[in-house]
Amino acid sequence: QIKTVIIPLLALISVTVALDDGLLKTPPMGWMAWERFRCDIDCKDDRENCISEDLFKDTADRLAEDGWKELGYEYVIIDDCWMSLLRDEHGRLQPEPSRFPGGIAKLARYIHDRGLKLGIYADMGTHTCMGFPGTTLDKIEIDAQTFASWGVDYLKFDGCYSNPIEQMLGYPLMSKALNATGRPMVYSCSWPVYVGGLPPNVNYSLLGDICHLWRNYYDIQDSWDSVQGIVEWFSNNQDDLQPAAGPGRWNDPDMLIIGNFGLSVDQARSQMALWAIMAAPLIMSNDLRNLDNSARAILQNKVAIAINQDPMGIQGRRLLQEKNRIEVYWRPLSNSASALVFLSRRTDMPYLYHTSLAKLKYQAGTYEANDVFTGSAVRGLNATSEFTISINPSGVVMWYVYPEQQSKLTESLHHRHKTFHKAKPEHSTVL
Ligand code: GLA
């Protein structure tokens, strides 16, 4: 019964809707309230942290004044719990007036005045996940228009309290409704999470046509366990997920939790490195008013960001899972460059890993690399030469790798002469 309804619907949808609007040529960067601030609506006892316009204004100030915006972090995204429990007399969503006294349009102006963009949250269903008013099929158009009229730039459309049939109708309808407003808005779909995240339940080519990004898997929590579980799931299913990504269409393994309570410095670097490999959105959920310097340095690492934002937009892959619990991840980048991440899933001590670029399927030749987190350069790496790196437990070594450049040949030979005089030809140690 259901199949006969679904198949013609799918055919209809894929010919009538297509997003080719030039938005999100590279994965989005910004900040979202959810993981760090959840549904804290207690502005009486927790003024600083409750979901209110002040939190978003403060965050916009920090993004604009502390160097984030220049690096590309531009979206300030409101998550659940911003709404009033009642729609207004015209059936429109409205913010809870005690916590958003200025209204969303004014908040959007505040954010735009600082050169940033505003994102908002709604839910395809009867209620949001936290029980606020949902967007049922009959409300999709009015809600899209309301968001456009406020100057919203990004919609996260969740899927609590709806069934797969409603989702199959609602997600494409919202795509159409957003397009019809004439205001360019990024459209983030949580649809795949609600149907298991994988084909055949999820049609990734349809999703890429109607959404700019989509949540594939469960919510991130403030722990290394959670980060590891997400990476594991994405890697185990990379044959289905990796080809779905590209400019304007991204898998979303969820927010960066760097700067919160659950990750060590090594684990924070691991999250940043793996999100860059996965071409994932770099959407932080942390307290930018109180951020320690190590978290700031990791989140503001220019090479990691450049890898994440590579214009080719090819998502990377897990290449190897060694018995010794070292894993190697790889992403091809423009200008014949690539990124490598060596991740240790060990829990003992720094591990000395021996390999060569040839073992990682690099073509013959000489390469150079930048170590993304130490900033040091690795020169004269012959594909066949063995090298050794030291990887901390639950940490990474991340390299930006590129072919040795002709123009730099003399300089590099000179450098190699100085720094590698002790290295044996077939085994250079680059600790
Ligand atoms: C779902 C989403 C989260 C967050 C919450 C809000 O769990 O996956 O990212 O938006 O709802 O209630």
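Let's start with two helices: α6 (residues 140-150) and α7 (residues 164-181) have axes that come within 9 Å and cross at roughly 40°. The model is a predicted one, where local features need pLDDT of at least 70 and side-chain atom pairs count only at pLDDT 80 or more, while totals for chains, interfaces and linings use all residues. Residues are numbered from 1 along each chain as its sequence is written, and side-chain values use heavy atoms, leaving out hydrogens and water.

**Helix pairs**

A few terms first. Helices (H or I, at least four residues) and strands (E, at least two) are DSSP runs, numbered from the N terminus. Axes are lines fitted to C-alpha atoms, for helices over the stretch in contact, and angles run from 0 to 180 degrees between N-to-C directions. Angles under 35 degrees count as roughly parallel, over 145 as roughly antiparallel, 65 to 115 as roughly perpendicular, and the rest as oblique.

How do α6 and α7 lie to each other? They are oblique, therefore, given their angle. The crossing of α6 over α7 is right-handed (a crossing is left-handed if the near helix is turned anticlockwise from the far one by less than a right angle, and right-handed if clockwise). On the α6 side, I140, E141, A144, Q145 and A148 meet G170, L173, M174, A177, L178 and T181 of α7, where contact means heavy atoms within 4.5 Å. By class, this contact of α6 with α7 has seven nonpolar, three polar and one charged residue. Here Ala, Val, Leu, Ile, Met, Phe, Trp, Tyr, Cys and Pro count as nonpolar, Asp, Glu, Lys and Arg as charged, and the others, Gly among them, as polar.

Next come α10 (residues 224-236) and α12 (residues 265-277), which pack at about 25° with axes 11 Å apart. The two are therefore roughly parallel, and α10 passes α12 in a left-handed crossing. W224, V227, I230 and V231 from α10 touch Q267, S270, Q271, L274 and W275 from α12. That contact of α10 with α12 holds six nonpolar, three polar and no charged residues.

Then there's α3 (residues 53-65) with α5 (residues 104-113): their axes sit 9 Å apart, at an angle of about 10°. So α3 is roughly parallel to α5. E53, F56, K57, A60 and D61 in α3 meet L107, Y110 and I111 in α5, and the residues of this contact of α3 with α5 split into five nonpolar, no polar and three charged.

**Around the ligand**

Which residues are around the ligand? They are W34, D79, D80, Y121, C129, M130, K156, D158, R215 and D219, each having a heavy atom within 4 Å of it.

| Residue | Distance to a ligand oxygen |
|---|---|
| D79 | 2.6 Å |
| K156 | 2.7 Å |
| R215 | 3.2 Å |

**Loops worth a look**

P200 lies in the loop between α8 (191-194) and α9 (204-210), and the peptide bond from P199 to P200 is cis, with omega near 5°. D254 is in the loop between β7 (250-252) and α12; its phi is near 95°, a positive value in a residue other than glycine.

Where does K359 lie? K359 is in the loop between β12 (351-355) and β13 (366-371). K359 and T384 are 25 residues apart in sequence and 7.8 Å apart in space, C-alpha to C-alpha. The side chains of K359 and E386 are joined by a polar contact of 2.5 Å (a pair of N or O atoms within 3.5 Å; within protein, one must be able to donate a hydrogen and the other to accept it, and residues adjacent in sequence count only if both atoms are side-chain atoms).
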